[in-house]
Amino acid sequence: MARPYSVAAAAVVVLAGLAWPATAGSAAPSPTAPAAPACAVSGYAPASADAANALHDTLRGQTGSDLGGTRLEGADTWVVPAGSHPVVVVDSATPLTEGSAWLVLFGLDFPIKSGTGPGSDRYVSTTEMPQFGTTIRVVGLRAESNACEGSLVLVADRSVFASHLGLAGLAAAALFGVLTILLARRRRGGWARRFLLSAPLGLLAGAGEAVLLQESGLISPFSKVTWAVPVAGLLLAALLPLTRRRRVPADAPAQPAGAEPWQAPAHVPLGGYQADGPFTRTTVAQVDRGTHRDTGERVLLKVVLPDLAAAPEAAARLTREAEILARLDDPNCLRLRDTLRPPDLPPVLVTEYVDGVTARRALDERGPLTGPQACTVLDGALAGLAAIHEAGMVHRDVRPDNIYLDAGGRVLLAGFEVAATGDDNALAAEGVPPYAGPQQRRGEPVDGRADLWSAGAVLAELLTGAVPVVDDDAGRVLLPPGDRELPAAIADLVARAMATDPDARPQTAAGMRAALLEAAAQAYGPDWMSLGALTGTVVLPGGVLAAGALAGATGAAGVAVTGTAAATAGFGAATQVVTVSTTAAGTGMAQAAGTLTATATAASTPAGKVAALATPVLSVATVAAVALSGIATAQPSNSTDVITPEAARVIFVQTVAEARGGTLVHIDAPIRNFVRDSVKTIFPDAGSQLTGIGVGVPRGQHGYPAYFVAAGQVSKPDGATYLAARFDRANADQPWLMSSLSAWGDRVAAAPRLDPDGYLAPTPVADLVVEPARLPELYLDWWRRSDAAGAVVADPLLAPAGNDSWLRALAVAFAVPDEFIGQFSKRYAANPGPVSVDLIPLADGRALATFDVTVHRTLYNRPGYANGPCGTFVTLSEVPGMLRQADVDWHVHVQALIPTREAAAVPTPSPAPGATTQVIVDDSFYVREVTDTVPC
């Protein structure tokens, strides 16, 4: 008897996948079909048509046990190399008898030839996908059958502008968008005339934009919302004629929404500079964008506020900042270009130009940043603080208002009005609560660690939109309430930085920066820096983080901007696909439109203002799509798991069906005879069905060797048989083989314990009542005591699984009656093997461990009596006749069900069958081997 793996049946897992329709003449559904369908979907990407044709022939001759390629069941996107010839293979646990398949573009279905395959449980696609040539980059694939259905977005791994369709969409959006604006807003003609001229162009511009958005992956090919984009172009053509081009003075730049009216500083002479527009303001000064009249150099001008021009404190602050900036020269600190000193007035600071916004404005206009973006901002601020501290100064005013974000990707620290050296930094309790730490608020002497306290508060605000507070009495950080929960590594960094005791904080800005890099990698992945990059369209006045927000938000969640989230819930989704990418619409293009401000060409009427707000939508959307196309090209890597729960289920069902039909090619050689005999008992007639199928796949099997376990039950008129199996694969060139099979008719074992994703949930060894590595010696000690007693003795920890235990059988067989004492003797030696490293967790709180034991016995007549008559006891069925001496090896495969300490501690007055606090030992699988004999 062989029963190498005791894993109980699990609940039915209903999984659907992509299924190609069966060819003519497909067999009728087999009576052995499982109660619920399952499909495994494999993707291959050969580099040439010839390689694809050769692969077709190979794949048609294989079965589900030969799974290869990229695992696609449960996926919604498959990223393939550009220029490849993708092939999709579907293996089904249920025979496929009917089905249909379509290519999908712009929400429209185009029927295609599906594929061919051997029999009715494997199909190989034969359709050539057009997007992997030069025409299209993104295409949808949809299929449904009697067993499985699903959808998949296929994306070529290349830029959107590498396809003819992408280039055509860009050209149409840009050309017709500009023409729409020019014709709709021309001076001559009424609204109707201008609308009729611009309407066709608006439709064409919208169509081009729709093509571009779909090719870049921002709109799913399954989504019919694509057709709303041309309609939007038509609506713009109707709104734009309501506006007129009007001239406004050059010194009246656009204002951020909700900002106070800006006035050029007239109370302070600016020398050769002129103020062009606002940038930000502090409590004593306004910071304006400016230009040198002669050279055209762009700068920032920091000028005292008009009502504080005569205030000594304002003059002192600006003088102090000018002195400190003159001592600094660091790429992460705002650099001083010049200092203008008007008579009897505070100085005017001329600094380098920043083509961007403050972190405060980013928070006000966009809300909290994504994790990678926030860490990028703080990383730059800490680099600036390190330079300040090395110069012997303390900033004392670190807050989002004083952190500038440049469109070139830089983060600059500014606002040095209250900065001071270590000698005079306690002259006054300066700083802005709640960013000032407890020592700074009390006016005590502080060092650079006070700035690190403020940096921790800034990081929390960038992530949540609110500033933490500190309970000075309890000495703990109270993170702000909200919908965003900080990752553990980031929350720990904030808590350390905002410790009320300065000695408990990071001691230097460089040290906190190193801690930030480590925490960000733990929280957002090793590529968080690229996900949080602040470049190009990320930081622009009037459109703060409009495009960058999309990249960072999706990156922080581990998803690239491909539009695949909108396509479908993946292979296995029987519901209709959603029609719009909520990620892209909610944080990308929609925000870009929402943050646009009224331009100088707006009409004064309400309708004109609305139309003026919409005027640049087409051009801005095109620019954003161009910028985002690079992000969309950075596709998420396809799953590297060699086996998934869905595929494991298909292999299990197909292998059992093969064994029922007499095919044992996917059964490991040592157990083929056992499986052949067991299947006849497990499935007594053609009506017996395998139901209650469950599988347990370890997470993170990215290479070989790999394994999984499976369980099920077979209902019969006289009861049910519960069976479990283990499958192993040594390498990619070998098929999956059933390496063990167990069956019980007298008890129900627990199913594998799975995590929410359907993978095995590991059990820590420390939680078990006994360390698995100790089991072989404990078992041998138990066996020796039972052998000496001639019966299975009670053990405080171990208990036999059933009456067919090898230990029980051997103990009884060698219990020699008294009248034969002296005529028969025995010796033995035992060698245990190591416990399997694969500890299988079970749903009842136990874990399954396995190990092997080899027991050698020497049986002989009358020790030392070599020439006398033989006795009658040494006889073996494998060797005819009586033997004077025989050497026999028993190879025993032991399975141990180990309870956890928590389960063992719970009293159970009426335990369920099989429930125990002991380790249940199943040693019913063994092989006897005669190694040597001495005949009489």
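Me: What makes the contact between Glu73 and Arg71 a salt bridge?
Reply: A salt bridge is a side-chain nitrogen of Lys or Arg within 4 Å of a carboxyl oxygen of Asp or Glu, and the closest N and O atoms of Glu73 and Arg71 are 2.7 Å apart, so the pair meets the definition. The structure is a predicted model, in which local features need pLDDT of at least 70 and side-chain atom pairs count only at pLDDT 80 or more, while totals for chains, interfaces and linings use all residues. Residues are numbered from 1 along each chain as its sequence is written, and side-chain values use heavy atoms, with hydrogens and water left out.

Me: Where in the chain do Arg122 and Asp91 lie?
Reply: These two residues form a salt bridge, the closest N and O atoms being 2.7 Å apart. Arg122 belongs to strand β8 (residues 122-125) and Asp91 to strand β4 (residues 87-92), so that the pair links distant parts of the chain, 31 residues apart. Helices (H or I, at least four residues) and strands (E, at least two) are DSSP runs, numbered from the N terminus. Both Arg122 and Asp91 are buried.

Me: How many salt bridges does a search of the whole structure find?
Reply: The search finds 26 salt bridges, and one network of them links Lys302, Glu313, Arg317, Glu321 and Glu417.

Me: What makes a space in this model count as a cavity?
Reply: On a 1 Å grid over the protein atoms alone, a cavity is a set of points where a 1.4 Å probe fits but cannot get out, and its lining residues have an atom within 4 Å of a point. By this rule there are six cavities of 30 Å³ or more, and the largest cavity holds about 70 Å³ of space. Here a volume is the space filled by probe spheres set on grid points, which are joined across faces, edges and corners. Among the residues lining the largest cavity are Lys302, Glu321 and Tyr404, and β13 gives the most to this lining, with three residues.

Me: What makes Leu175, Val178, Leu179 and Leu182 a nonpolar surface patch?
Reply: A patch is made of residues with over 30% relative accessible area and no salt bridge, where like charges are joined within 9 Å and nonpolar side chains (Val, Leu, Ile, Met, Phe, Trp, Tyr) within 5 Å. These four residues make a nonpolar patch of about 340 Å², an area that comes from the Shrake-Rupley method with a 1.4 Å probe. Leu175, in helix α2 (residues 164-184), has 49% relative accessibility and therefore counts as partly exposed.

Me: What makes the phi of Phe106 worth noting?
Reply: Most residues other than glycine have a negative phi, and most peptide bonds are trans. Phe106, in the loop between β5 (99-105) and β6 (108-111), has a positive phi of about 55° although it is not a glycine, and at 17% relative accessibility Phe106 counts as buried. Arg396 also has a positive phi, near 70°, and is buried, with a relative accessible area of 3%.

Me: Which residues are joined by a cis peptide bond?
Reply: Tyr704 and Pro705 are joined in this way, with omega about 5°, and Pro705 lies in the loop between β23 (690-696) and β24 (706-716).

Definitions and conventions:
1 Å grid on protein atoms, 1.4 Å probe; cavity = no way out; pocket = protein on both sides within 12 Å on 5 of 7 lines; lining within 4 Å. Buried < 20%, exposed > 50% of the residue type's maximum accessible area, 1.4 Å probe, protein only.
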